[in-house]
Amino acid sequence: MRVLFLGTPDFAVEAFESLIRAGYDVIGAITQPDRKRNRGEVTFCPVKSCAISHGVDVYQYESIRKEGVEDIKRLAPDVMVTCAFGQIISQEILDIPKYGVLNIHASLLPKYRGSSPIQWCLINGEKTTGITVMRTALAVDSGDILLQRSMDILPDENAGQLFDRLSKLGGEAIVEALRLIEDGSAVFTPQDGSKATHYPMIRKEDGEVNWASSAESIFNKMRGFTPWPSAFTRLDGKLFKILKAMPYNGEISFEQGLAGEVYAAKNTAFVKCGKGVLQLVEVQLEGKKALDIASFLSGGKLKSGMILGK
């Protein structure tokens with residue numbers, strides 16, 4: 001089976017390499033164009049770098065709908081596989097492959113449609129997530145489902161860790177999906193649109209902590225926004241990242257009783273939330289390296305009675 005792969009970031013690399021390991025004829029990789037980074041340096045996206053290392057031809061378009069149609073027709077793929085590609089595909093392109101276009105999505109659709117499903121499922125405190133392989137349709141993440149594979153979310157898992165596990169699961173799932181198509185046993189099931197939820201792309205400012213929220217919700221937000229953009233607040237006007245923390249079930253006597261108030265002990269620190277208390281584990285002050293809370297407290301920059309936030 002001739003497979004044309006479309007993907008850009010790290011998350012898509014495992015799926016790309018899984019197809020190669022499984023023996024499929026990966027005839028090309030389509031990625032987003034190269035972008036300039038610091039000091040004008042041009043860097044390749046992870047899928048492009050991976051494709052080059054495997055000797056797979058790379059195609060890049062600012063708009064695949066405007067620039068890619070003739071190339072795709074010439075390549076004549078039996079199937080196209082997309083994974084975090086980052087562009088909308090036209091119906092003209094969807095109609096080219098014999099077996100259509102399959103998308104690997106990091107949620108159990110129809111829940112968590114959109115570009116940041118891994119982060120949002122953690123922010124919302126979900127206990128289970130997974131991978132959906134679906135037939136791509138024009139409406140975002142609305143296509144018929146071929147298969148789904150679920151996994152439990154670990155109690156203190158963050159987005160970066162869950163990202164890695166789901167990436168591997170996505171690689172396994174797409175190979176399984178293509179096997180179903182090859183042996184004629186593939187069954188596509190329409191999604192129940194009434195159960196669909198859609199979440200937006202994560203923005204840097206979304207990481208700011210609202211201490212009036214519950215300790216549990218702040219804990220989940222921290223997990224969802226690690227490693228980017230991190231859960232953050234302000235300490236004496238400086239950016240203060242909360243890299244690791246956990247809800248605390250004990251009793252703490254805060255002097256002022258205000259949300260965001262700090263209680264600093266010898267080797268640990270607690271913050272009062274709108275409901276409950278958060279115990280800090282690892283933090284990072286603007287311009288400084290990340291430190292465990294005991295080491296940070298030794299510097300004297302965090303004291304009882306301080307109020308975190310603006």
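What covers the buried residues of α2? The cover includes β1 (2-7), α1, β2 (25-31) and β5 (58-60). The legends below describe a predicted model, in which local features need pLDDT of at least 70, side-chain atom pairs count only at pLDDT 80 or more, and totals for chains, interfaces and linings use all residues. Residues are numbered from 1 along each chain as its sequence is written, and side-chain values use heavy atoms, with hydrogens and water left out.

**Figure 1. The whole protein chain.** The chain has 9 helices and 17 strands; helices (H or I, at least four residues) and strands (E, at least two) are DSSP runs, numbered from the N terminus. Its C-alpha atoms fill a box of roughly 70 × 45 × 30 Å, taken along the principal axes. Of the 310 residues, 47% count as buried. Buried means under 20% relative accessible area, exposed means over 50%, and partly exposed lies in between (1.4 Å probe, protein chains only).

**Figure 2. Helices α1 and α2 in contact.** Two packed helices are described by the angle between their axes and the distance between the axes. The axes of α1 (residues 10-21) and α2 (residues 46-53) come within 8 Å and cross at roughly 30 degrees. Here axes are lines fitted to C-alpha atoms, for helices over the stretch in contact, and angles run from 0 to 180 degrees between N-to-C directions. The crossing makes α1 roughly parallel to α2; angles under 35 degrees count as roughly parallel, over 145 as roughly antiparallel, 65 to 115 as roughly perpendicular and the rest as oblique. Asp 10, Ala 12, Val 13, Phe 16 and Glu 17 of α1 meet Pro 46, Val 47, Cys 50 and Ala 51 of α2, where contact means heavy atoms within 4.5 Å.

**Figure 3. The buried face of α2.** Val 47, Lys 48, Cys 50 and Ala 51 are the buried residues of this helix. Seen down the axis of α2, they fall within an arc of 165 degrees, so they line one face of the helix; the arc is that of the directions from the helix axis to the C-beta atoms. Just after α2, Gly 55 takes a positive phi of about 70 degrees.

Figure 4. Helix α8 (residues 215-224) is mostly covered, with 8 of its 10 residues buried. Among them are Ile 218, Phe 219 and Met 222. The buried residues of α8 pack against α6 (117-123), α7 (159-182), β12 (231-235), β13 (238-248) and β16 (277-285). Most residues other than glycine have a negative phi, and most peptide bonds are trans. In the loop between α8 and β12 lies Pro 227, and the peptide bond from Thr 226 to Pro 227 is cis, with omega near 15 degrees. Ser 230 is also placed in the loop between α8 and β12; Ser 230 has a positive phi of about 75 degrees although it is not a glycine.

Figure 5. His 105, in strand β7 (residues 101-105), counts as buried at 5% relative accessibility. Not counting residues up to four places away in sequence, His 105 touches several residues, including Tyr 112, Arg 113 and Asp 141. Asp 141 has a positive phi of about 55 degrees. The C-alpha atoms of Ala 196 and Asp 141 are separated by 9.6 Å, although these residues are 55 apart along the chain. Ala 196 is partly exposed, with a relative accessible area of 28%.
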